[in-house]
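Thanks, everyone, for making time this morning.

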Amino acid sequence: TFLREAVAALAEEGFVAVAAFEPEFTLGRRVPGTDGEPDRLLPLDDSLCYATSGFDQAHDYAMRLVRALQAQGLRVEHYHPELGHGQQELSVRHAQAMRAADNHVVYRETVRGVAFGMSLWASLAPKPIAGQAGNGAHLHISLWDPELRRNAFGDPADRYGVSATAYRFIGGLIAHLPALTALTCGSVNGFRRLAPRSWSSAHVCYGMDNREAAVRICSPMRGAAEASANLEIKPSDSSANPYLSLGAVIHAGLDGIRRGLDPGAAVDVDPATLPEGSVPRLPRSLDEALDALEADDLLMDALGPLRSAAYLAVKRSEARAFAAEDVSYELFNHFRAF
């Protein structure tokens, strides 16, 4: 319902959202803990990003996963082993907002279900293994006319290939990013992933192909520059509810369009290399993000009194529960749940 409301609000301004989640996950085996420690996730391999050994070791699983997704109507666009040990990335084609969120739910269940059927364990948790790369679910979005003929984010004449509408949308995202992370990174574990210099984004800024910025303007596809213009929201993971996450992103961006918000100058370097304080940090914990959400009138109004009260109560309870436990307990409960 929340996402449908966001889609309807966007339609009032003459736009349709086209989106896709870009998930990563860790493939391995669940092994018993020792000396009273919780179970842990043992990754399938220790290959490097794109390594052929990684392709080989995950081959049978990846092929079964592709076929299972295709059988459910999802169009697989690419697959490769990612940077972390046992980490995989497989992306499906974009769709209108509601279908994009539905696709992500089907994707998550299928990733885990195929693994269980092969006596493996697949986890989409943001940080299932300490010291390894985290699993994001970067959210890509663009706005189109109601007939889906023209991408409202594309402008070949612009330095970065994006339109005034896109810049205003970015302005809305930047204005609401601290609060947005409470919905796009929906767990205690999610904020363990958001560290500087890890391509996960830890700073409130945007930039052209800047993988350390929270909002990335993506390079266009050759020969389809205007049609392929899109934004990538990097502080986003699969512990979030995709209907709340995507709906909140739409509401924030729409606020930027309606108020003509200027996102400021793009940051095209690693923000961690700039003087301290020159680029604000994203919230460093779920509690901090929830404080920002509670103080954000736009998102609280969009959620409404029942959803906002319930969400804040449940997530603050989770934060208290995990604060009383150690890291191994947190990692276990997140890789098991997600």
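**Helix packing and the core**

Let me begin with α7 and α9, where Leu244, Ala248, His251, Ala252 and Asp255 of α7 meet Leu298, Leu299, Ala302, Leu303 and Tyr311 of α9, contact meaning heavy atoms within 4.5 Å. Please keep in mind that this is a predicted model, in which local features need pLDDT of at least 70 and side-chain atom pairs count only at pLDDT 80 or more, while totals for chains, interfaces and linings use all residues. Residues are numbered from 1 along each chain as its sequence is written, and side-chain values use heavy atoms, with hydrogens and water left out.

The axes of α7 (residues 242–259) and α9 come within 9 Å and cross at roughly 155°, the axes being lines fitted to C-alpha atoms over the stretch in contact, with angles from 0 to 180 degrees between N-to-C directions. That makes α7 roughly antiparallel to α9, a label used for angles over 145 degrees.

Helix α4, by comparison, packs with α9 (residues 297–323) at about 30°, their axes 13 Å apart, and these two are therefore roughly parallel, the term for angles under 35 degrees.

Turning to the largest nonpolar core, which has 64 residues, Ile141 and Leu293 touch the most other members. Such a core is a set of buried Ala, Val, Leu, Ile, Met, Phe, Trp, Tyr and Cys residues joined through side-chain atoms within 4.5 Å, where buried means under 20% relative accessible area with a 1.4 Å probe, protein chains only.

Methods
Buried means under 20% relative accessible area, exposed over 50%, partly exposed in between (1.4 Å probe, protein chains only). Helices (H or I, at least four residues) and strands (E, at least two) are DSSP runs, numbered from the N terminus. Angles under 35 degrees count as roughly parallel, over 145 as roughly antiparallel, 65 to 115 as roughly perpendicular and the rest as oblique.
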